[in-house]
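Look over the sequence and the structure first.

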Amino acid sequence: LSKVHQGICLCSRSSLPTAEDLMKCWAHECQRVFQDRLVNKNDADWFFDNLKEVMETNFKKQWKQIVKIEPLVFCDFVDAKQPYYQEILDHQNLSDVLQTFLMDYNQTAKHGMELVLFLSAVQHVARVVRVLKTPLGNALLVGVGGSG
């Protein structure tokens, strides 16, 4: 539970102007702390259904009333003018920013990386950045052999 609170504490007053924004951040952090550790789709779906039920029971709001754009993604590196942890409403913009970072890296690196940044990959980058920004944050990255 403390990891959920740590994630919420990454936010500032600017990033949570309304109670609904706080609810979205809470849901996002619950997904990152608990759902991301589940290993199969059935368990992840079960968790997501329970998360929606808990939101409805305790916050008296339905998921679709609160969350307008799915998947929920929070990060702090999309806009240099607003460098605080906030919900990303434009997933394409997030992908474009990461593509720019990748191009900058490829210009300075000896061996560039040829990556395709689809939405799932972009979400994983945001997750890894979140983990690394939290105190004592760590993650085990496991992938399918030969996929990159």
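Predicted model: local features only at pLDDT ≥ 70, side-chain atom pairs only at ≥ 80, totals over all residues.

The largest pocket holds about 1800 Å³ of space, and the second largest pocket about 190 Å³. There are also two cavities of 30 Å³ or more. Helix 6 (119-133) gives the largest share of the lining of the largest pocket, and helix 6 also gives the most to the lining of the largest cavity and of the second largest cavity.

**Largest pocket**

- About 1800 Å³ of space lies here.
- The lining counts 48 residues, and those closest to the pocket centre are His 124, Val 125, Arg 127, Val 128 and Leu 141.
- Five helices each supply at least two lining residues: helix 1 (2-9), helix 2 (19-33), helix 3 (41-59), helix 5 (91-108) and helix 6 (119-133).
- The share of helix 6 is nine residues.
- By class, the lining has 27 nonpolar, 13 polar and eight charged residues.

**Second largest pocket**

- This pocket has about 190 Å³ of space.
- Its lining includes Ser 15, Pro 17 and Asp 21, along with Val 78, Asp 79 and Gln 82.
- Gln 86, Glu 87, Ile 88 and Leu 89 also line the second largest pocket.
- Four of the lining residues are nonpolar, three are polar and three are charged.

**Largest cavity**

- The volume is about 60 Å³.
- Lining residues include His 28 and Arg 32, then Leu 72, Val 73, Phe 74 and Tyr 85.
- Gln 123, Ala 126, Arg 127 and Arg 130 line the largest cavity too.
- Helix 2 and helix 6 each supply at least two residues of this lining, and helix 6 gives four.
- Five lining residues are nonpolar, two polar and three charged.

**Second largest cavity**

- The volume is about 40 Å³.
- Phe 74, Cys 75, Asp 76 and Tyr 85 belong to the lining, as do Ala 126, Val 129, Arg 130 and Lys 133.
- Strand 1 (74-75) and helix 6 each supply at least two of the lining residues, with four from helix 6.
- The lining has five nonpolar and three charged residues, and no polar ones.
- Phe 74, Tyr 85, Ala 126 and Arg 130 line this cavity and also line the largest cavity.

**Nonpolar cores**

- The largest nonpolar core has 20 residues, of which Trp 26, Ala 27, Leu 51, Met 55 and Trp 63 touch the most other members.
- Helix 1, helix 2, helix 3 and helix 4 (63-66) each give two or more residues to this core.
- Helix 2 gives the largest share of the core, six residues.
- Trp 26 is in contact with Val 4, Ile 8, Leu 51, Val 54, Met 55 and Phe 59, leaving aside neighbours within four places in sequence.
- Apart from this core lies another of 13 residues, among them Leu 94, Leu 98, Leu 117 and Ala 121.

**Thr 134**

- Thr 134 sits in the segment after helix 6.
- Is Thr 134 buried or exposed? Thr 134 counts as buried because its relative accessibility is 7%, and the cut-off for buried is under 20%.
- A polar atom of the Thr 134 side chain lies 2.8 Å from the backbone oxygen of Val 131.
- Thr 134 also touches Gln 6 and Leu 10, not counting residues up to four places away in sequence.

Technical notes. Residues numbered from 1 in each chain as written. Heavy atoms only, no water. 1 Å grid on protein atoms, 1.4 Å probe; cavity = no way out; pocket = protein on both sides within 12 Å on 5 of 7 lines; lining within 4 Å. Points joined across faces, edges and corners; volume = space filled by probe spheres on them. Nonpolar A, V, L, I, M, F, W, Y, C, P; charged D, E, K, R; others polar. Buried < 20%, exposed > 50% of the residue type's maximum accessible area, 1.4 Å probe, protein only. Polar contact = N/O pair within 3.5 Å; in protein donor to acceptor, adjacent residues only side chain to side chain. Contact = heavy atoms within 4.5 Å. Core = buried A, V, L, I, M, F, W, Y, C linked by side-chain atoms within 4.5 Å.
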